[in-house]
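The sequence and the model are shown first, and the discussion follows.

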Amino acid sequence: MLSQTSPQTPPPPYQGLLARYGSLLELPPHTTPITLLEGNTPLIPVPRLAADMGGGFELFVKFEGLNPTGSFKDRGMTAAISEAVGKGVKTVICASTGNTAASAAAYAARAGVRAIVLIPEGKVAAGKLAGAVAYGAQVVQVQGSFDDALSLVVAISQKHPIALVNSLNPYRLEGQKTGAFEICDVLGSAPDWLCLPVGNAGNISAYWMGFKQYDELKNTGLPRVLGVQAAGAAPLVLGHPVEKPETVATAIRIGRPARGEQALQAAEESHGQIIAATDAQILAMQKRLAAEGVWVEPASAAGLAGLAEHIRTGALNPTGKRIVAIVTGHGLKDPDIVTRDLRPTVLPAELGALEETILR
Ligand code: AN7
């Protein structure tokens, strides 16, 4: 139930995810909250998009691009950095397709510790790289894939006093569970279906953990989980690692997901599925969502692209259901995808020329 507040008493100021949900997260006592007031993201109804998919059901998008660094990663990062810093860690490291890097860099900056981020060469979207640099991280490009970079950071964090803040770090998943809590708190119960993109598979694993925990505590029910990979980077669909993953959705260009087993388990336990969407379907859905006023990066549209295709083929009957799609990162992260084919109309600064162009 939503609580009613009388107009005379304003609600207490929002203090971030650990303040709001910390008692439900398994974090050690030394955890010292480092927050940028992440979370509390809107659940936006998109009825026109639902109608386009055939109608007869409720569809919401949880716009995680409105987190402080523009992606869902801030939920897990507030927890991981708070734990690490509380333990006395002075340096954190991660491998990243970009969003984890920007988030780690920001929370490390907030805590006053050093961040090192490893990114795959040449495949990181401009807004993510810029973020990592702006927040002051040391950015290292690895001549290899995300999976190669992840192997390196795991090895170095085992050898030196440097904390790993990839989603192999269990506290990342603890923080990430809050997305599920928020959905239940807003809707009053879990949705019938949850769809979301899958890369390294931390997010899908954490949502499932969160929904199960809330159901035990508050009887909120459980969603069926539809995880969607990019067709060129779909190890969980194919059943084997992908050596050279390729997709326009660079955020999920991952061939060896660290939490792959857990993701498959979430899909199975929830009577859901992990499927793949093509780059063309992903880009079409990115455009379609932007037509609702919600601009997300390509990877973030994968969940909905997979859902649309599943409904179209009859694999999923949405009638009477309530469906939530997690859209994971802001469109501003990857401007080049949108502007690369842009040929702006160029005019002399004259009214007649403008009328000629827009009123014809
Ligand atoms: C926008 O930043 O792996 O399945 O290194 O940036 O939890 O990995 C990003 C992943 C979906 C997939 N959407 O989430 C990284 C990274 C966006 C993302 C995913 C990512 P996981």
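## Salt bridges

A salt bridge is a side-chain nitrogen of Lys or Arg within 4 Å of a carboxyl oxygen of Asp or Glu. The model is predicted: local features need pLDDT of at least 70, side-chain atom pairs count only at pLDDT 80 or more, and totals for chains, interfaces and linings use all residues. Residues are numbered from 1 along each chain as its sequence is written, and side-chain values use heavy atoms, with hydrogens and water left out.

By this rule there are 18 salt bridges. One of them joins arginine 75 to glutamate 64, with the closest N and O atoms 2.6 Å apart. Arginine 75 lies in helix α3 (residues 73–86) and glutamate 64 in the loop between β2 (58–63) and α3, so the pair ties together parts eleven residues apart in sequence. Helices (H or I, at least four residues) and strands (E, at least two) are DSSP runs, numbered from the N terminus. Both arginine 75 and glutamate 64 are buried; buried means under 20% relative accessible area, exposed over 50%, and partly exposed in between (1.4 Å probe, protein chains only).

## A salt-bridge network

Arg48, Asp52, Arg288 and Glu292 are linked in a network of salt bridges. Within it, glutamate 292 pairs with arginine 288 at 2.8 Å, N to O, and with arginine 48, where the closest N and O atoms are 3.4 Å apart. Glutamate 292 is in the loop between α12 (279–290) and α13 (302–312) and arginine 48 is in helix α2 (residues 47–52), so this pair ties together parts 244 residues apart in sequence. Arginine 48 is exposed, with a relative accessible area of 52%.

## Arginine 259

Arginine 259 belongs to the loop between α10 (235–238) and α11 (260–269). Arginine 259 is buried yet has no salt bridge, and the nearest side chain of opposite charge, glutamate 174, is 8.7 Å away. The side chain of arginine 259 does reach the backbone oxygen of leucine 168, at 3.2 Å.

## The ligand

Around the ligand are 23 residues, of which Asn99, Gly199, Asn200, Ala201 and Thr328 come nearest; a residue is near a molecule or strand if one of its heavy atoms lies within 4 Å of it. An oxygen atom of the ligand is 2.7 Å from a polar backbone atom of asparagine 200. For threonine 100, the distance from a polar backbone atom to a ligand oxygen is 2.8 Å.

How values were computed
Lys and Arg count as positive and Asp and Glu as negative; His and the chain ends are not counted. A polar contact is a pair of N or O atoms within 3.5 Å; within protein, one must be able to donate a hydrogen and the other to accept it, and residues adjacent in sequence count only if both atoms are side-chain atoms.
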